[in-house]
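Keep the sequence and the 3D view open while reading.

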Amino acid sequence: MTGLTAPIRDDVVARLWRALAEIDDPEIPVSLVDMGLIVSVDYDVEIQTARLQVTFTAMGCPAIDFIQDDIRERLLREPDVAAVVIDVVWDPVWSRKRLSEQARTTMRALGIAV
């Protein structure tokens, strides 16, 4: 990456994080970011590709495909994003420690123990 593309990359990555914060978990009205499901976000300026590492609360999560579709659909609406690559990772293992304080507050209000 050249010195000229680094600021562009950083700007797009920040926008991608904001866009991901708009996507709620399909079972709980908490964003994927606040759930701690998004492990990392990167962007390749030259090929306009967003690359994410995503984890899930369980390997058998029935919403894995649905969540990945939501991520792709939302990020492809962003300027400068022509492709989205999602790598599902199980390290780090998801735990309640990954929840943001906002997620904890919302879940407690819904009667979900956290």
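## Terms and source

A salt bridge is a side-chain nitrogen of Lys or Arg within 4 Å of a carboxyl oxygen of Asp or Glu. Side chains of opposite charge can pair when their charged atoms come close.

The model is predicted, so local features need pLDDT of at least 70 and side-chain atom pairs count only at pLDDT 80 or more, while totals for chains, interfaces and linings use all residues. Residues are numbered from 1 along each chain as its sequence is written, and side-chain values use heavy atoms, with hydrogens and water left out.

## Salt bridges around Arg15

How many salt bridges does a search of the whole structure find? The search finds 10. One of them joins Glu78 to Arg15, with 3.2 Å between the closest N and O atoms. Glu78 lies in the loop between helix 3 (64-75) and strand 3 (83-88), whereas Arg15 lies in helix 1 (residues 5-20), so the bridge ties together parts that are 63 residues apart in sequence. Helices (H or I, at least four residues) and strands (E, at least two) are DSSP runs, numbered from the N terminus.

Are these two residues buried or exposed? Buried means under 20% relative accessible area, exposed means over 50%, and partly exposed is in between (1.4 Å probe, protein chains only). Glu78 has a relative accessibility of 13% and counts as buried. Arg15 is buried as well, with a relative accessible area of 16%.

Arg15 also forms a salt bridge with Asp80, where the closest N and O atoms are 3.3 Å apart. This pair again links distant parts of the chain: Arg15 is in helix 1 and Asp80 is in the loop between helix 3 and strand 3, 65 residues apart. Asp80 counts as partly exposed, at 37% relative accessibility. Which residues are linked in a network of salt bridges? They are Asp11, Arg15, Glu22, Arg74, Glu78 and Asp80.

Another salt bridge is formed by the side chains of Asp69 and Arg72, at 4.0 Å from N to O. Both residues belong to helix 3; they are three residues apart, so about one helical turn separates them. Asp69 is partly exposed, with a relative accessible area of 46%. Arg72 also counts as partly exposed, at 30% relative accessibility.

## A buried charge without a salt bridge

Arg104 is found in helix 4 (residues 101-109). Arg104 is buried yet has no salt bridge, and the nearest side chain of opposite charge, Glu101, is 4.3 Å away. In this count, Lys and Arg are positive and Asp and Glu are negative, while His and the chain ends are not counted.

What lies 2.7 Å from a polar atom of the side chain of Arg104? It is the backbone oxygen of Arg96. Leaving aside neighbours within four places in sequence, Arg104 is in contact (heavy atoms within 4.5 Å) with Arg96, Lys97, Leu99 and Val114.

## Backbone details

Most residues other than glycine have a negative phi, and most peptide bonds are trans. Gln48 is not a glycine, but has a positive phi of about 50°. Gln48 sits in the loop between strand 1 (38-44) and strand 2 (49-54), and counts as partly exposed at 33% relative accessibility. Asp80, described above as a partner of Arg15, also has a positive phi, of about 75°, although it is not a glycine.

The peptide bond from Asp91 to Pro92 is cis, with omega near 15°. Pro92 is in the loop between strand 3 and helix 4. Trp90 is found in the loop between strand 3 and helix 4 too, and at 31% relative accessibility Trp90 counts as partly exposed.

## Thr5 and Val45

Thr5 is found in helix 1. At 17% relative accessibility, Thr5 counts as buried. How far apart in space are Thr5 and Val45? From C-alpha to C-alpha the distance is 6.8 Å, while in sequence Thr5 and Val45 are 40 residues apart.

Definitions and conventions. A polar contact is a pair of N or O atoms within 3.5 Å; within protein, one must be able to donate a hydrogen and the other to accept it, and residues adjacent in sequence count only if both atoms are side-chain atoms.
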